[in-house]
Each structure stands twice: as structure tokens, then as C-alpha cells.
Amino acid sequence: MIRCVSCGAEYDDDEVIYTCEKCGSVLELVSDIDVSKDIFDGRRDTLWKFKECIPVDESKIVSLDEGGTPFCKCDKLGEELGVNLYVKVEGSNPTGSFKDRGMTVGMTKAMELGVSTVGCASTGNTSASLAAYAARAGSRCIVFLPSGKVALGKLAQAMFHGAEVMSINGNFDEALEAMTALALEKHLYLLNSINPYRLEGQKTIGYEILRDLDWQSPDRIILPVGNAGNISAIWKGVSEFYNAGFVKDLPMMTGIQAEGACPVTNAFRKGDRRVVPVENPETIATAIRIGAPVSDIKALNAIYDSNGYSETVSDEEILDAQKLLARTEGIGVEPASAASIAGLKKLVDQGVIDKGETITCVVTGHLLKDPNTAIDACTKPTEVDADIDTLRKLLMNK
């Protein structure tokens, strides 16, 4: 069953619907977990090990073996910050970001509905993922990207996997508005996170965190917030397993935004449950450069209902955290992903996070999603002749 998060209106799960027809708000799938957690034991470590918890026809599954991503204990960085730190590395998914979780479920639902054309607006990762999964399914894929606002690695993925890519003269929010209008005219099946089936895949990050901690909840889950679907999806996942009796506690959901694109944090600071859009959002973290997130109400509900928090970080803090994670723990992430680490540092300094808390930071995309930013943040290689004496002197002088 599909239900409106605002007015509670209910819809059949075979309807092609993106927002509530009564109040215009966003929708969610209602799922009751009626299995034992032991059923997951011994299965291949992919998202679909939780297939009983995902409301789609398993005979139609479109998959690239996504999910089951690394859960890294980060002792050095954790000790530096005074917390018990784990990092959930979503950049290890097939196309390099957490979007693959939502796309495997979204494309599976598209196959179930008999849809031939799928589409999305994107700041990069969504388009890269959709293009790959559409190719896997044999479907036509249409992508709208904001002109000049997409990192090179992501653009290359979308084009190489055969998507029909259109560069829109406008920002992400304008591109999504245009794509949504075409979807409502039945030209394509929309697979942005406004589609509630996308979030059914992304909620499995929450499932895996609880499983990775041996069926314990961390004190807090910290993640970047852009279009705001992921924080609400993870909250949905951990809440479902809590309600099923798999764990005894729930985490505080903590969303981090860039200073130049922070409508959710602005609303949180005022105690509101809806955002005021940020016009012309700007940040080096292109994946979260979004001013009017479609899942704002879901994200704020997740933060408030979990006694969580929301904070902003500067581009400088993001880039510093990106280097820190790579050089301290060997985990390379794109700038938007590093917002969770930057937010962790800031909240520890502010005293919002207590010393000794068990923290899971979700890092959402791989370093090579935005290679130019990574290169620009580093010093250029030293040019030297292949002379052993010269090389020995250089090494001894370091």
C-alpha cells in the first residue's frame, strides 16, 4: 500500500503515482516486516537478501548485485574525535554510489508495471545509476542534467551506459520540475527519489547498519542531505527492523548540508517541518547542490522523530574532511560524502555529540565520481629524472 505522509490518503501499489492526489504531498510505501531475522542468514550479501521486506515482484528483479557495502571500523579517526566510529562505504556499489540501492528497486517496479521508458533529473549520481540499470533492463533512459553543474565522472557514466542526456539551462530543481511534468503526461516512468519505490531500496542501508553491528543500533547515523530522500529512507529501514523486534533501540538521524544549499537545516533551526527553498544553491559538493528537496517533509520527520539534528558545513570543511578520511583511514569519497565526516567533526566540537558515542557515518559516493575536485585539492607530482642517486636524496630528505 502507498500512503501520503501528510494526509494519510492511501493508494494501491500498482498505481503509477508520485505525489498525493488529495494534498500534493510525498508518498511512502507501508510495509510490515513479518519474518524472523534469521531468514537473512546464509544468503548472498546483496540488497536482495532482504527481499521479503521490499514490496516488489521478485521475479522481475533488475540487479547488479548492489548492497552489502563495506562497514569500516575507523579507529584512528574515531580516537581523534573521541567517538566509536564506523563508516558505511556506499561508493562500493556497482556505479559508485548509494543510488544503486534505490535504482534496483525502482527499475524492478518499472518492469513489474511494464514500463518501457524511464527518466530522471540529476546532479549526477542518479543519472549514472539509472543509465546502468536501464541498460541492464533493456529500457530507454532519458536524463536531464543542469548545464555545467555535473561532475565529469558522473556525466561520463550516464552517457557511456547509453542514456539520452539533455543539458538543461537551469538548476537541478528546474530540471526535476520539467522531468516530473513529462512523467505526469505518461511519457516516461520517473525514477527520482520522489518515487516511493526508490526509497524502498535505500532503506536497506539502515537494515545493513543494524546487521553489521550484530543487531545493535548506533547512537547516531550521520549522512549528507541533498534531495533529502536518503535520511528518511534509512530512518524507515531502522524503524521497520525496530518495530519487528530485531533491535531494542533507534539511532538519532543527523543530516548535514552544505552552507550554500541548506534548506533542511534552515527549517530545523526554526523548528519547521517544511522548507523554504534556497534559490540558486551553490556548493562544491555537487551531489547535494539542491535548493528545493522533494523529500523535505520526510527528512525533517526523520530528524525530529529520532531526536536527531541537522547542521551545515562549509566547502572548506568538506574538502578538509575529504582529505582527512582518505589519508587517515584510506577511504576515498566524493565531496558530498565527506559532508558527513565534516559534520561529525563540527558537532563533536560543538558538544552536540557526546564523547564515546557510537557513530555510523554514511559516505554516499566514490572519490572518482568527481576526479577534478580531488586533483585540484592535491599538490602536483614532483618531476624528477630516473636517477637513483637523485631519488635516494629526495626520499632521505622527506
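The legends below describe close-up views of a predicted model.

**View 1. The annotated domain, residues 62-365.** An unreviewed UniProt entry assigns residues 62-365 the annotation "domain: Tryptophan synthase beta chain-like PALP".

**View 2. Lys-99 in helix α2.** Lys-99 belongs to helix α2, which runs over residues 99-113. The unreviewed UniProt entry places the feature "modified residue: N6-(pyridoxal phosphate)lysine" at Lys-99. The relative accessibility of Lys-99 is 16%, so the residue counts as buried; the cut-off for buried is under 20%. Apart from neighbours within four places in sequence, Lys-99 contacts Asn-125, Thr-126, Ser-129 and Arg-198.

**View 3. Asn-84 in strand β5.** Strand β5 spans residues 84-89 and includes Asn-84. Asn-84 has a relative accessibility of 25% and therefore counts as partly exposed. Its contacts, leaving out neighbours within four places in sequence, are Lys-73, Glu-357, Thr-358 and Ile-359. Lys-73 is 11 residues from Asn-84 along the chain. The C-alpha atoms of Asn-84 and Lys-73 are 8.2 Å apart.

**View 4. Helix α9 against helix α10.** Helix α9 covers residues 263-270, and helix α10 covers residues 296-305. The two pack at an angle of about 45°, with 10 Å between their axes. That angle makes α9 oblique to α10. Their crossing is right-handed. On the α9 side, the contact residues are Val-264, Ala-267 and Phe-268. On the α10 side, they are Leu-300, Ile-303 and Tyr-304. The contact of α9 with α10 comprises six nonpolar residues, no polar and no charged.

**View 5. Helix α11 against helix α12.** Helix α11 covers residues 315-329, and helix α12 covers residues 335-350. Their axes are 7 Å apart, and the packing angle is about 95°. The two helices are therefore roughly perpendicular to each other, as angles of 65 to 115 degrees count as such. From α11, the contact involves Glu-317, Ile-318, Ala-321, Gln-322, Leu-324 and Leu-325. From α12, the partners are Pro-335, Ala-338, Ala-339, Ile-341, Ala-342, Lys-345 and Lys-346. By residue class, the contact of α11 with α12 has nine nonpolar, one polar and three charged.

How values were computed. Residues numbered from 1 in each chain as written. Predicted model: local features only at pLDDT ≥ 70, side-chain atom pairs only at ≥ 80, totals over all residues. Heavy atoms only, no water. Axes fitted to C-alpha atoms, helices over the stretch in contact; angles between N-to-C directions. Helix = DSSP H or I, 4+ residues; strand = E, 2+ residues; numbered from the N terminus. Parallel < 35°, antiparallel > 145°, perpendicular 65-115°, else oblique. Left-handed = near helix turned anticlockwise from the far one by under 90°. Contact = heavy atoms within 4.5 Å. Nonpolar A, V, L, I, M, F, W, Y, C, P; charged D, E, K, R; others polar. UniProt positions renumbered as here; feature names shortened; annotations may be inferred. Buried < 20%, exposed > 50% of the residue type's maximum accessible area, 1.4 Å probe, protein only.
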